[in-house]
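Reader: Can you walk me through this one? I'd like to start with the ligand and then look at some of the secondary structure.

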Amino acid sequence: MAENKGFNCIGKSVAASGAWEKATGRAQYVPDMKLPGMLYGKMLRSPYAHARIVNIDTSKAEALEGVKAVATIKDTPQVNFGPMGTNEDWYIFAKDKVRFIGDEVAAVAAIDEATAEAALDLIEVTYEELPAVFDMEEAMKEGSPVINEKWPDNIASQKHFGQGDIEAGFAEADLIVEEEFYTNEVYQSYMETMCALVRPEKGSRLTMWVPIQIANKARLVYAKALGISPEDIRLIKPFMGGGFGAKFETNIHLACAVLARKTGRPVKMINSRHEDFAAGNPRVPIKYRVKMGFKKDGTCTAKYMHLVGNNGCRTVYGPAIMSTACYRIDALYKFPNVKVDGYLTYTNTVPTGCFRGFGNAQSIFMIERMMDIAAEKLGLRPEEIRKVNAMTPNFTNPHGWRVGTCGLTESIDAVLEAAQNRPKTEVSPGKLRGIGMACCNHVSGNRGFFPTFDGSSSLIRIAEDGKITVFHGECDMGQGQDTVFAQIAAEELGAKFSDVRVAEQDSQISPWGLGSYATRGTTVGGNGIIAGCKAAKKILFEEAGAMLGVDADQLDSRESIIFWKRRPEKSLTFSEVGAHYVFNHAGSCIIGNGYYRTGDPLPDPKTSYGNVSPAYIFGCHMAEVEIDTLTGHVDVVNYWAAHDSGRPINPTLLRGQIEGGIGMGLGWALWEDMIIKDGKVLNDGFLDYRIPGTVDMPRMTTIFIETDEPNGPFGAKGIGEAAINPVAPAIVNAVCNALGVHFNELPVTPARILAALKTRNKHQVI
Amino acid sequence: MQDPIYLKPETLDRALDYLTEYPQATLWAGGTDLIVHLEHKKLKVSGIIDLTSIPELRFIEDCGDKVRIGALTTIYEIQTSPVIKKEFAFLAQAALVLASWQIRTLATIGGNIVTAAPSAETGCPLILLDGNIIVQSKNGERKIPTNQFFKGPGKCDLAPGEIVKEIELEKLPHGYQTIYQKERLRRSMDIALANAACVLNLDGDKCQEVRIGLGAVAPVPMRAVKTEAVLNGQVMSDELVEKAAQTAASECKPITDIRATADYRRDLIYALVKRQLTALWKAGAE
Ligand SMILES: Cc1cc2nc3c(=O)[nH]c(=O)nc-3n(C[C@H](O)[C@H](O)[C@H](O)COP(=O)(O)OP(=O)(O)OC[C@H]3O[C@@H](n4cnc5c(N)ncnc54)[C@H](O)[C@@H]3O)c2cc1C
């Protein structure tokens, strides 16, 4: 760790906020909550992938003792809505037909879970099966069953754009490489399944406790779905057991609200793990066909991509994810000429959505495999081909993205050096070793996600005892956002860290923020915190100046003491000033209300041209694997990860994000796969959907490439998604390196490895 | 909803009385299989007879030429028992890789064999040992040889009204070595894709007697008789081990399911048998 550069709070590994509550079991998550008179809700889900609903008879279920209500589409406003304005293809419950196995057909509220479950069996639904389509490419073919009438070709969205001259680019290439890739469907595996607790209030108002990454945006969508005004919904986000992109809008929240309204009582609904697998928001799987041209020295002259993603039967964020997959990697390397044709199709499968990496993780797998394949053909080392193409600081890419700080080359050098210095251990007999590298980039606050909105804000309150409360509209889902915000606030205010608290997110008081996605929290949210602090500090210093008889701009603060810069002994504490202010303003306390916007115009929706993020993050990973030649089992034995995330605000949390990303990516590389047959998720639980455990984790070395990002709070940038982006390709590249065989599909399971080993050995014999 | 009846007998006799009175009741040991079946809705419970407070069912006893293991003995107790480690090292090895530490402290050996999963950890070691599963009912005791207890996936030789009381196992003669290994997708807690156990008695390099058990590759833990025939009476060599491993891979009867294909399971059996024979042969030759 570099030393502190005069900061008080930035760069310190303070304990994460909420750690005490979690360690002592006091943290209240939605499943822990219980309200007086509360009922339990359960969802009836479709057993068919595509079927017309002929009739729903709820009378027997309603007659069961203990059942308080059964809700169907008839109990809702029956309007189309959805997370993305371009594809509003949702209903709260299935209307006229079901579109996937797991589709929400009806819900029951009862005095306990067992009764609610028993009632589900008593709901009689008559279905008439319809032909279904499951394959994303099949879905686009003429004559495929139509899933959503408004999209008769089953194409949920498409993107066709480019920059530069692709033909000229290919013409000047010394080598053309053409490959196909597939990144599979995977589940986010957060600890707390999707759930909600909803209490009906007077009139049409509701209080909703939901673990959600985008509380304020979801409130708009939910208000539309329920036919009420956003302010009619008080949305509280309590402690949250992870999200990783999955916890965006979901129908279980709305079904719970409908039941609460219908019964007039609080209702809690929790997905079982099986339901969460069947009807969560898994990763958008993507098929790629790629053609790239290279000069002898590895310089890329042209890149053409054709990709198809599977949206599932209705739209969560597929179009934005597919679009991201089309071009975000163009800020990882300097591709002069690029062209892409991207499609996202409807199929009768579970709707797919955001998963850490948001389409970029998929494309980084593709491009980092491509780089190794091209390097091999050109006789270059993996780092050589990457370095000649690598993004550099202060560069504007073909899409108008203005990269500022960029520690990509330094990241490559850092992991190489660390890997070279590894202790050289003997390879055990019957094992093969390999080493692989992969680079990554990401945005840090994608703009134009919710097109009318950009930036972030905060309210900072300084109370009569000098204690500070930070109100924000972003989201701590366990990653430590609140901790980082408290550190930023303490630094900006010159306050004691222990005096800063972060308020639970509650739409009744918290500002309107967009929330956690696109690795935006620290960069964009952090700037919003600074803005609120500046506003609060202005009031605080003016009051202190009046009390001390000194101009406010002559004052400074440290450790919650305000002092005259010229004579620091002339000072007042935050509590002295806070009390003075509150008691002289009839109880009004010091409140700073500030906001941050980048000021840039938003990217053009057609050409995608325009600076998409205030800052860009980079990194490079290396993995060393050991492969059992008899079983194909892969052990990742060593792992190095270097990241440019600007200035680290909390090194422990930063390292935690990186190590967590490595674990998550390792599972994706080697085993994780939703096995879906005829629309049914066969491995809908952790018995047959394996994520890595502690024993599977490698020895990890994390390296921070510290840059000072002018657009980030105190020079900081984000990390969350970048941490997973290069993991699968680094590990797969290492496997390919060990075996001399190419794997372009995820996951690379022991069975696939063993099959490859067998054919390889056969060839050797021949 | 009516809550199930919950009974907690403190003697085996009492438990048998309850079982006569409530023949539909579920016998509950560690509950680690039962809870999963409840969660997957494969089981409805009208009553529970909790066996965990019956001390006479929980013991490991060295009786000279035999070892007796009470049905309620936990997997953790088997894993750490000096008697088991000394007499049946491979049973302790199997216990060590069953589930996680938390599960092992609850899970019992009786529950493991009654569940009769083709992948059950204790299955292969038990079928290779001479001994009996002893079950008790109101009508008396019944002894079932260990290699006849398993009848199919989830099926064992246990009649209504019977409770597994103990497992009695004959000690192996001096000089017999044992080994147990499982192959799984990940190194952390995972169900076996295939497992194998081996008992080997060598005279120098000559294989005097071998017993090989294969798990998760047939409806029940199976004895690899053809493979044993390849080895018995032969002088150990790399070629012989190779031939034995290939025989095991071809004589097992795996299925394809979401966990693995039949072909991959055969590959794993080949790997396991090859490694186990090599390990015991090299260790025995020392
Ligand atoms: C997370 C997890 C991981 C697991 N991993 C493994 C693994 O790696 N390998 C493995 O082999 N198993 C594994 N299991 C399965 C399970 O833990 C074992 O089978 C365990 O030994 C079962 O014992 P129990 O005492 O918990 O059985 P219970 O669940 O209490 O009972 C199982 C069955 O046996 C019956 N039963 C129990 N005792 C008696 C008795 N004395 N007489 C008659 N009937 C009886 C019960 O009625 C029931 O039908 C795992 C389970 C879990 C939850």
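Author: A definition to begin with: helices (H or I, at least four residues) and strands (E, at least two) are DSSP runs, numbered from the N terminus. This is a predicted model, where local features need pLDDT of at least 70, side-chain atom pairs count only at pLDDT 80 or more, and totals for chains, interfaces and linings use all residues. Residues are numbered from 1 along each chain as its sequence is written, chains are lettered from A and ligands numbered from 1 in the order in which they are written, and side-chain values use heavy atoms, with hydrogens and water left out.

Reader: OK. Which element gives the most to the shell around the ligand?

Author: That is α7(B), with four residues.

Reader: And how many residues surround the ligand?

Author: There are 29, and the closest are B:L27, B:T32, B:D33, B:T108 and B:E121. To be near, a residue needs a heavy atom within 4 Å of the molecule or strand in question. The shell divides into 18 nonpolar, seven polar and four charged residues. Here Ala, Val, Leu, Ile, Met, Phe, Trp, Tyr, Cys and Pro count as nonpolar, Asp, Glu, Lys and Arg as charged, and the others, Gly among them, as polar.

Reader: Which polar side-chain atom lies 2.9 Å from an oxygen atom of the ligand?

Author: One of B:N112. A backbone N or O atom of B:L34 also lies 2.9 Å from a ligand oxygen atom. On the nitrogen side, a polar backbone atom of B:V164 is 2.9 Å from a nitrogen atom of the ligand.

Reader: How much of the ligand's accessible area does the protein cover?

Author: 87% of the 980 Å² that the ligand has on its own. Areas come from the Shrake-Rupley method with a 1.4 Å probe.

Reader: Switching to chain A. How do β8 and β13 pair?

Author: β8(A) (residues 175-183) and β13(A) (residues 286-294) are antiparallel, over nine bridges. Pairing requires that DSSP finds at least two bridges between the strands. A:E180 has A:R289 of β13(A) as its bridge partner.

Reader: What about β14?

Author: β14(A) (residues 300-312) pairs with β13(A), again antiparallel and over nine bridges. A:M292 stands opposite A:K303 in β14(A). In the hairpin of these two strands, with five residues between them, A:G298 takes a positive phi near 100 degrees.

Reader: Last one: is α13 mostly covered or mostly uncovered?

Author: Mostly covered: 21 of the 28 residues of α13(A) are buried, meaning under 20% relative accessible area (1.4 Å probe, protein chains only). After α13(A) comes A:G549, with a positive phi near 70 degrees.

How values were computed:
Buried < 20%, exposed > 50% of the residue type's maximum accessible area, 1.4 Å probe, protein only. Polar contact = N/O pair within 3.5 Å; in protein donor to acceptor, adjacent residues only side chain to side chain.
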